[in-house]
Amino acid sequence: MENFKLVSKYQPAGDQPQAIAELVEGLKENKPHQVLLGVTGSGKTFTIANVIKEINRPALVISHNKTLASQLYSELKELFPENRVEYFVSYFDYYRPEAYIPKADLYIEKTSKTNKEIEAMRMSSINALSIRHDTIVVASVAAIYGEFNPTEYRKNFFPLETGMKIKQKDLLIKLVQMGYERLMGEIDRGQFYVKGDTIEVCPGYNLEYNIRIELFDDEIERIALIDPLTKDLVEVKKTLTIFPATTYTVNHNEVKQICDAIKIEMEDQVQFFKNNEKYIEAQRIKDRTLNDIDSISEFGYVNGMENYARYVDGREPGQRPYTLFDYLPEDTVVFVDESHLMIPQLNGMYNGDRARKTTLVDFGFRLPSALDNRPLKFEEYEEFNFPRIYMSATPGDYELNKTEGEIITQYIRPTGLLDPIIEIRPKVGQIQDIYDRIKDQIKRNERTLILTTTKKNAEELSLYLQEHKIKSAYIHDRFKIFERNEILKGLRMGKFDVVIGINLLREGIDLPEVSLICVLNADSAGLMRDERSLIQIVGRAARNDHGKVIFYADEITSSMQKAIDDNKLKRAIQQKYNEEHNIIPKTIIKPIAPPIQGSILYDELSIEKERSKMIHNKKFIEKMIKKMKDLAKEKKFEDAIEIRDYLIELGVELD
């Protein structure tokens with residue numbers, strides 16, 4: 001069995017050793033739930049890495065957004081270079097689900113753009129969990145969405161070894177059954193080509209190499225990994241397992257059985273609609289389903305295949321879907337990062353999905369079995385018996401109830417950094433005050449975050465600052481998560497002086513260059529100004545040795561006071577530790593890692609071109625307009641609309 005090998009020049013410090021020891025002891029005692037209350041910057045990731053090394057068990061780390069997940073993945077991959085660290089998030093660059101709006105009699109087809117790199121990383125995750133014990137998977141809420149039956153998926157593994165007797169024809173048939181497509185010339189993921197006795201396979205689950213299989217007289221003579229671009233030899237393998245090209249690979253022998261079952265359900269649903277005098281719905285579901293059956297019969301697949309997942313998986317009606325959790329080894333430990341946000345997210349996925357699909361079923365766009373293509377219900381998630389460790393600076397009631405209030409604390413930052421100073425300023429004249437402070441920040445080459453209560457306020461304030469020659473950007477919910485990530489990276493790099501938003505807490509990214517946070521309407525009643533939110537906001541400035549948070553308010557609310565008291569307690573604990581160990585706090589110097597994946601649009605629009613410059617860059621604007629029109633001609637309307645909306649946002653007038 002492979003062991004986890006943690007590689008780091010640092011040793012646990014502060015109260016990390018105690019937290020590690022308590023968490024490990026809790027796992028040895030089979031505690032089902034533990035809470036790690038760790039302040040921002042206390043090194044929670046390093047703590048869980050040490051826990052994984054000590055217990056030597058597989059781990060799933062789930063995070064509430066892709067930005068934080070990508071950061072955790074990068075950090076853990078660096079700490080465990082000899083082990084498998086995998087990344088499992090939604091593989092959609094763009095996703096608009098299938099829906100029907102009865103009032104407008106409007107049917108919206110599913111529109112999506114998958115990212116092949118992310119899809120490959122997802123497949124790599126489930127493959128690693130299937131064959132390696134030393135595996136850490138960092139995942140988003142995608143972990144509770146439907147995956148293929150692991151038992152059926154593993155039946156399609158294709159182990160090869162040098163000297164193995166196999167006819168070329170049989171080998172090619174096996175690849176096709178695993179979902180690979182045969183092509184001539186250049187191949188992409190999930191494809192292969194044949195030249196004489198040589199077969200080259202581009203795996204659907206790997207970004208780094210192609211597989212070359214050389215045959216001689218119905219025997220495998222050599223298995224080699226080659227560079228996909230240069231075709232240079234990377235490594236010769238004695239044995240190698242080829243995994244399926246896609247997670248939804250239908251066994252050819254089961255196609256007829258699946259189609260027959262779908263047809264029976266269709267006939268029942270058609271009769272149901274007729275009995276209720278819904279003749280349009282009856283004809284609609286009949287036509288759609290028969291078309292799907294034809295495609296499945298011929299190709300083993302149809303667009304929207306996930307809606308028939310229950311039949312592919314062999315599940316009973318209402319039976320929970322298979323998910324990433326079904327691929328986890330029995331001794332896996334689940335770490336729930338930022339649990340105060342992650343738990344509500346896990347709890348909220350099922351109901352929204354159910355409401356949308358029920359409408360599709362009721363109006364004849366989908367069979368009732370489509371309802372079984374869904375995320376886990378929260379109680380189904382809870383039924384998995386993996387021990388869970390919840391991590392947050394502000395644990396929620398759910399986690400605290402699970403541990404009956406027992407928590408493991410990690411207040412001390414080994415860097416010696418204190419929680420920022422909190423200052424309260426009146427609302428009158430706040431914009432001028434913010435402007436003056438940002439000018440001072442710019443002189444010191446430091447960055448600022450501003451939190452507003454509405455999107456309109458964020459946009460207006462950003463425009464005001466831009467008009468006053470301050471490099472400003474705002475973040476709102478229309479931006480894709482990786483676009484948001486790029487804007488925050490731009491802030492760190494100095495391409496922006498200030499970033500404004502409503503909820504910058506969910507970004508989960510380290511911003512050591514930020515030394516000032518301005519909180520407008522800190523005394524407002526609401527979710528983003530409650531005790532937990534204010535404590536999280538304050539923690540954002542705790543990466544800088546002279547961080548400051550300003551609450552603009554006309555009164556001190558109960559939530560504000562609790563956040564201030566929490567701040568004083570943490571500062572006192574850290575100051576005492578610093579004095580005892582002669583530590584002088586210093587701002588964290590952290591390299592800016594490249595993103596795992598960026599938006600296709602942002603690859604073109606590159607955040608490096610600041611908005612103010614874009615507006616006056618005629619050549620750039622002309623290029624984007626041409627690209628938008630070309631995409632429209634190619635019927636790639638979603639891409640064209642994305643560019644159109646972005647140009648409008650820049651203030652470009654379009655014909």
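**Notebook: strands, helices and salt bridges**

**Entry 1**

I began at Ile199, which stands opposite Ile213 in strand S13. The model is a predicted one, in which local features need pLDDT of at least 70 and side-chain atom pairs count only at pLDDT 80 or more, while totals for chains, interfaces and linings use all residues. Residues are numbered from 1 along each chain as its sequence is written, and side-chain values use heavy atoms, with hydrogens and water left out.

I took helices (H or I, at least four residues) and strands (E, at least two) as DSSP runs numbered from the N terminus. Two strands count as paired if DSSP finds at least two bridges between them. S12 and S13 are antiparallel partners over 4 bridges. On S14, S13 has an antiparallel pairing over 6 bridges, where Glu214 stands opposite Arg222. I then looked at the hairpin of S13 and S14: 4 residues lie between the strands, and Asp217 takes a positive phi near 55°.

How many residues of S13 are buried? I found that 6 of its 6 residues, 210-215, are buried (under 20% relative accessible area; exposed is over 50%, partly exposed in between, with a 1.4 Å probe and protein chains only). Asn210, Arg212 and Glu214 point one way from S13, whereas Ile211, Ile213 and Leu215 point the other way.

**Entry 2. The chain as a whole**

I noted 21 helices and 25 strands in the chain. Of its 655 residues, 54% are buried. I looked up contacts (heavy atoms within 4.5 Å): among those with a separation of 6 or more, 73% join residues 24 or more positions apart. The chain exposes about 30800 Å², and carbon and sulfur atoms supply 50% of that area; accessible areas come from the Shrake-Rupley method with a 1.4 Å probe, and for residues only the protein chains shown count as cover.

**Entry 3. The parallel sheet**

I traced an open sheet of 7 strands with parallel pairing, in the order S3-S8-S2-S17-S18-S1-S19. Which strands stand at the edges? They are S3 (84-88) and S19 (408-410); each has a single partner strand, so one side of each is left without a neighbour in the sheet. From one strand to the next, the twist averages 20°. S1 (residues 33-38) runs parallel to S19 and is joined to it by 3 bridges; Leu37 has Thr409 in S19 as its bridge partner.

Helix H2 (residues 44-55) packs on this sheet, touching S1, S2, S8, S17, S18 and S19. Its direction makes about 175° with that of S17. Axes are lines fitted to C-alpha atoms, for helices over the stretch in contact, and angles run from 0 to 180 degrees between N-to-C directions.

**Entry 4. Helices H7 and H8**

I found H7 (residues 255-275) and H8 (residues 279-299) packed at an angle of about 175°, their axes 9 Å apart. That makes H7 roughly antiparallel to H8 (over 145 degrees; under 35 is roughly parallel, 65 to 115 roughly perpendicular and the rest oblique). The residues of H7 that meet H8 include Val255, Ile262, Met266 and Phe273. On the H8 side I listed, among others, Tyr279, Ile285, Leu290 and Ile293.

**Entry 5. Salt bridges**

Side chains of opposite charge can pair when their charged atoms come close. I counted 37 salt bridges, each a side-chain nitrogen of Lys or Arg within 4 Å of a carboxyl oxygen of Asp or Glu.

Glu200 and Lys231 meet at 2.7 Å, N to O. Glu200 lies in S12 and Lys231 in the loop between S14 and S15, so the pair ties together parts that are 31 residues apart in sequence. Glu200 is buried at 1% relative accessible area, whereas Lys231 is partly exposed at 28%.

Lys427 forms a salt bridge with Asp523, with the closest N and O atoms 3.0 Å apart. Lys427 lies in the loop between S20 and H13, and Asp523 in the loop between S24 and H16, so this pair ties together parts 96 residues apart in sequence. Lys427 is partly exposed at 24% and Asp523 is buried at 12%.

Asp566 and Lys570 form a salt bridge with closest N and O atoms 2.8 Å apart. Both lie in helix H17 (residues 558-580), 4 residues apart, about one turn of the helix. Asp566 is buried at 19% relative accessibility, and Lys570 is buried at 4%.

Last, I recorded a network of salt bridges that links Glu423, Arg425, Asp433, Arg437 and Lys548.
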